[in-house]
Amino acid sequence: MTVRAVWNGEVIAESDDTVVVEGNHYFPRAAVREGVLGDSATTTVCPWKGTAHYHTLTVAGAENRDAAWYYPEPKSAAAEIRDRIAFWKGVTVG
């Protein structure tokens with residue numbers, strides 16, 4: 001099944017190879033449209049997944065700060081989501 005992430009009226013990621021953890025689809029980085037992910041200094045810590053890093057989305061001139069996150073070095077229990085991207089903050093995934 002192909003899963004899409006849509007924000008600001010545009011598909012920003014699409015894949016039939018997502019990993020679902022805690023209800024969130026983690027997309028392969030290569031499935032995310034080029035040019036929509038911007039740098040962010042934000043990080044958060046999950047006790048079992050590790051430290052999440054964030055991206056700001058930019059689509060059609062609009063910005064959605066810290067709306068995408070990933071785990072570059074997840075703990076072993078979450079190894080399957082290493083460097084995959086998940087979305088929130090108004091991004092529709094389905």
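A polar contact here is a pair of N or O atoms within 3.5 Å; within protein, one must be able to donate a hydrogen and the other to accept it. Keep that cut-off in mind for the first stop. The model on screen is predicted.

**Stop 1: histidine 55**

Select histidine 55. The residue sits in strand β6, which covers residues 50–59. Is histidine 55 buried or exposed? Its relative accessible area is 8%, so histidine 55 is buried.

Now show the side chain. Which backbone oxygen does the side chain of histidine 55 reach? The oxygen belongs to glycine 38, and the distance is 3.1 Å. The side chains of histidine 55 and arginine 29 make a polar contact at 3.4 Å.

**Stop 2: aspartate 66**

Aspartate 66 belongs to strand β7, residues 62–70. At a relative accessible area of 11%, aspartate 66 is buried. Residues up to four places away aside, aspartate 66 touches Ser40, Thr42, Tyr54, His55, Thr56, Trp88 and Lys89.

**Stop 3: the four-stranded sheet**

Switch to cartoon view. Which strands make up the open sheet of four? Their order is β5-β6-β7-β8, with antiparallel pairing. The edges are β5 and β8. Each has a single partner strand, so one side of each is left without a neighbour in the sheet. On average, neighbouring strands in this sheet are turned by 35 degrees against each other, direction ignored.

Zoom in on β7 and β8. Three bridges pair them in the antiparallel sense. Pick tyrosine 70, then look across to β8: the bridge partner is isoleucine 85.

**Stop 4: the three-stranded sheet**

Select β1, β2 and β9. These strands form an open sheet in the order β2-β1-β9, and the pairing is antiparallel. At the edges stand β2 (10–15) and β9 (92–93).

Select valine 6 to see one end of a bridge; its partner in β9 is threonine 92.

**Stop 5: salt bridges**

Side chains of opposite charge can pair when their charged atoms come close. How many salt bridges does a search of the whole structure find? The count is seven. Visit three of them.

- Select arginine 4 and glutamate 14. Their side chains meet in a salt bridge at 2.8 Å, N to O. Arginine 4 lies in β1 and glutamate 14 in β2, so the pair ties together parts that are 10 residues apart in sequence. Arginine 4 is partly exposed at 37% relative accessibility. Glutamate 14 is partly exposed too, at 37%.
- Arginine 29 is in the loop between β4 (24–26) and β5 (37–46), and aspartate 83 is in the loop between β7 and β8 (85–87), so the pair ties together parts that are 54 residues apart in sequence. Arginine 29 is partly exposed, with a relative accessible area of 31%. Aspartate 83 also counts as partly exposed, at 31% relative accessibility.
- Select arginine 65 and glutamate 63. The side chains meet in a salt bridge at 3.1 Å, N to O. Glutamate 63 counts as exposed, at 52% relative accessibility.

**Stop 6: the nonpolar cores**

In soluble globular proteins, nonpolar side chains tend to be buried together. Which residues touch the most other members of the largest nonpolar core? Select Ala5, Ile12, Phe27, Val32, Leu57, Phe87 and Val91; the core has 16 residues. Strands β1, β2, β6, β7 and β8 each give two or more residues to this core.

Centre on leucine 57. Leaving out residues up to four places away in sequence, its contacts include Trp7, Ile12, Val36, Ala62, Ala67, Phe87 and Val91.

Finish at the second, separate core. This one has 11 residues, including Tyr26, Trp69, Ile81 and Ala86.

Notes. Residues are numbered from 1 along each chain as its sequence is written. This is a predicted model: local features need pLDDT of at least 70, side-chain atom pairs count only at pLDDT 80 or more; totals for chains, interfaces and linings use all residues. Side-chain values use heavy atoms; hydrogens and water are left out. Two strands pair if DSSP finds at least two bridges between them. Buried means under 20% relative accessible area, exposed over 50%, partly exposed in between (1.4 Å probe, protein chains only). Contact means heavy atoms within 4.5 Å. A salt bridge is a side-chain nitrogen of Lys or Arg within 4 Å of a carboxyl oxygen of Asp or Glu. A nonpolar core is a set of buried Ala, Val, Leu, Ile, Met, Phe, Trp, Tyr and Cys residues joined through side-chain atoms within 4.5 Å. Axes are lines fitted to C-alpha atoms, for helices over the stretch in contact, and angles run from 0 to 180 degrees between N-to-C directions.
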